Amino acid sequence: MFISFIISMITARYLGPSNYGVINYVNSYISFFTAICNLGLNSVIIKELIDRPDSQGETMGTVIGLRVISSILSIVSILSCIGIIFENNAVYMTVAVLQSLILFFNAFEMIEYWYQSKLMSKRSAIIGIIAYLCMSIYRVFILIMQKSVEWFAFATTLDNAVVAILLLICYKKDGGPKFKFSSKLAKEILTKSIHFMWSSLMVAAYSEMNKILLGTLIDDTSVGYYSAALSLCNTWPFILKAIIDSAKPVIIEYHKTDYNMYIKRLRQLYATIFYAGAAVATIFTLGAPLIINILYGADYSESIMPLRIISWYTSFSYLGVARSTWMICEGNQKFEKVLATCGAISNLLMDIVFIPRFGAVGAAIATLMTQVLTNFLIPLCFRQTRGNSILIWEAIRLKEVIPTKEEIKSLISNEDN
């Protein structure tokens, strides 16, 4: 991830804010359709694998089949949208084709969840590292050869293609059950995941709406400034995602066997996410001028203030990601789409107000406020989700988060035994 970031920084310098904005503008459409393409399956697959240990091949084959079908339909939709909006502009269409292929290869990321369900995340982590290295070598090559913006659009697609191929190879090598598609199971899983699909769609809407409106109301250069700040903030949350993914099966299991421990593990997860995010945000806030000037150069000085603001969104954003585990366990999946819809509406309204006045800074303000509203304040308005906001508040206060002396002694005693 570090290597990839360094090369991305050099790429941003090479392309300049305008061309860098073109790639990120088109990518905003890819991200929006990714939410549709995922079908919400990411949020329910682990529970399905745990609950159906004897039919994991059927589960895996079904979810991958659904993802492949949705990816093909999404790619066609993206190219149609870009073609209509930009009147078949050659550069935009080429960039869209190369980037949209990501959706097809992403269908095979479902194999990662099979490894997670068996607490074998190490395998997919190694694959991710190999893929990043391949993509980084490719980016170094096109930088040396001074290729056009279209070549850079293929970089992320290459990363996902390598991940898909290696996951399939390792899955077979590690004795993964044979894929089998079941239309009956597909309907059953989609019934459970539909709430998460709508939620993801709304999250994508308010996450990518900033770039789309910046490019539409201001220009591609503003998209470049905002994207540079956002890229810095996105260099490290893979750590939070790894923590959440690793904790999910454990928390789900405690929900079945020990409810008190289930609540405690949730608080510990929320506290870890919040304070890790706050620590990194403090560094970005204080060091923004130095960080931007060193990493991106004077051309990106307009990214300094957006970075100071948007760096604080990570804590609240990933509290929302972690909340999906609580939603599944408590059977409140339908409220994911309610909260996300509220977030999309509020973000759109704030974008309309702030972007014309403040440009990239306005987009950053809207992003931060939306995350606070969606993942902490709005859930307080609903009886069914109020408990999660209370858990988050207790986690921030570190209530029953830090192990007591007795618990530490018990752990040491058990280890000795």
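Trainee: Which residues does Thr-385 touch, leaving out those up to four places away in sequence?

Mentor: Thr-385 touches Trp-326, Met-327, Phe-335, Leu-339 and Pro-379, where contact means heavy atoms within 4.5 Å. Keep in mind that this is a predicted model, where local features need pLDDT of at least 70, side-chain atom pairs count only at pLDDT 80 or more, and totals for chains, interfaces and linings use all residues. Residues are numbered from 1 along each chain as its sequence is written, and side-chain values use heavy atoms, with hydrogens and water left out.

Trainee: OK, and where does Thr-385 sit? Buried or exposed?

Mentor: Thr-385 is in helix α18, residues 383-396. Helices here are DSSP runs of H or I with at least four residues, strands are E runs of at least two, and both are numbered from the N terminus. Thr-385 is buried, with a relative accessible area of 1%. Buried means under 20% relative accessible area, exposed means over 50%, and partly exposed is in between, with a 1.4 Å probe and protein chains only.

Trainee: How do α15 and α16 cross?

Mentor: The axes of α15 (residues 313-330) and α16 (residues 334-358) come within 9 Å and cross at roughly 145 degrees. Axes are lines fitted to C-alpha atoms, for helices over the stretch in contact, with angles from 0 to 180 degrees between N-to-C directions.

Trainee: Which residues make that contact?

Mentor: On α15 they are Arg-323, Ser-324 and Met-327, and on α16 they are Phe-335, Glu-336 and Leu-339. By class, that gives three nonpolar, one polar and two charged residues. Here Ala, Val, Leu, Ile, Met, Phe, Trp, Tyr, Cys and Pro count as nonpolar, Asp, Glu, Lys and Arg as charged, and the others, Gly among them, as polar.

Trainee: Switching topic: how many residues are in the largest nonpolar core?

Mentor: The largest nonpolar core has 119 residues, and Leu-232, Tyr-270 and Tyr-296 have the most contacts inside it. Helix α1 (residues 2-38) gives the most to this core, with 14 residues. A nonpolar core is a set of buried Ala, Val, Leu, Ile, Met, Phe, Trp, Tyr and Cys residues joined through side-chain atoms within 4.5 Å.

Trainee: What does Tyr-296 touch, again skipping residues up to four places away in sequence?

Mentor: Tyr-296 touches Phe-5, Met-9, Ala-12, Arg-13, Ala-228, Ser-231, Leu-232 and Ile-291.

Trainee: Now charges. How many salt bridges does the structure hold?

Mentor: Five. A salt bridge is a side-chain nitrogen of Lys or Arg within 4 Å of a carboxyl oxygen of Asp or Glu. One of them pairs Glu-109 with Arg-67, at 3.2 Å from N to O.

Trainee: Where do Glu-109 and Arg-67 lie?

Mentor: Glu-109 is in the loop between α5 (102-106) and α6 (110-117) and Arg-67 is in helix α3, so the pair ties together parts that are 42 residues apart in sequence. Arg-67 counts as buried, at 0% relative accessibility.

Trainee: And which residue does Asp-245 pair with?

Mentor: Asp-245 forms a salt bridge with Lys-241, the closest N and O atoms being 2.8 Å apart. Both lie in helix α12 (residues 238-257), four residues apart, about one turn of the helix. Asp-245 is buried at 11% relative accessible area, while Lys-241 is partly exposed at 36%.

Trainee: Which residues are linked in a network of salt bridges?

Mentor: Arg-267, Glu-394 and Lys-399. The side chains of Glu-394 and Lys-399 meet at 3.5 Å, N to O. Glu-394 counts as buried at 10% relative accessibility, and Lys-399 is partly exposed at 33%.

Trainee: Which residues have a positive phi without being glycine?

Mentor: Gln-146 is one of them, with a phi of about 55 degrees. Gln-146 is in the loop between α7 (121-144) and α8 (149-153), and is exposed at 59% relative accessible area. Leu-398 has a phi of about 65 degrees and sits in the loop between α18 and α19.

Trainee: Last one: what pLDDT does the protein average?

Mentor: The average is 83, and 94% of the residues score at least 70. pLDDT is the predictor's confidence in each residue, from 0 to 100.
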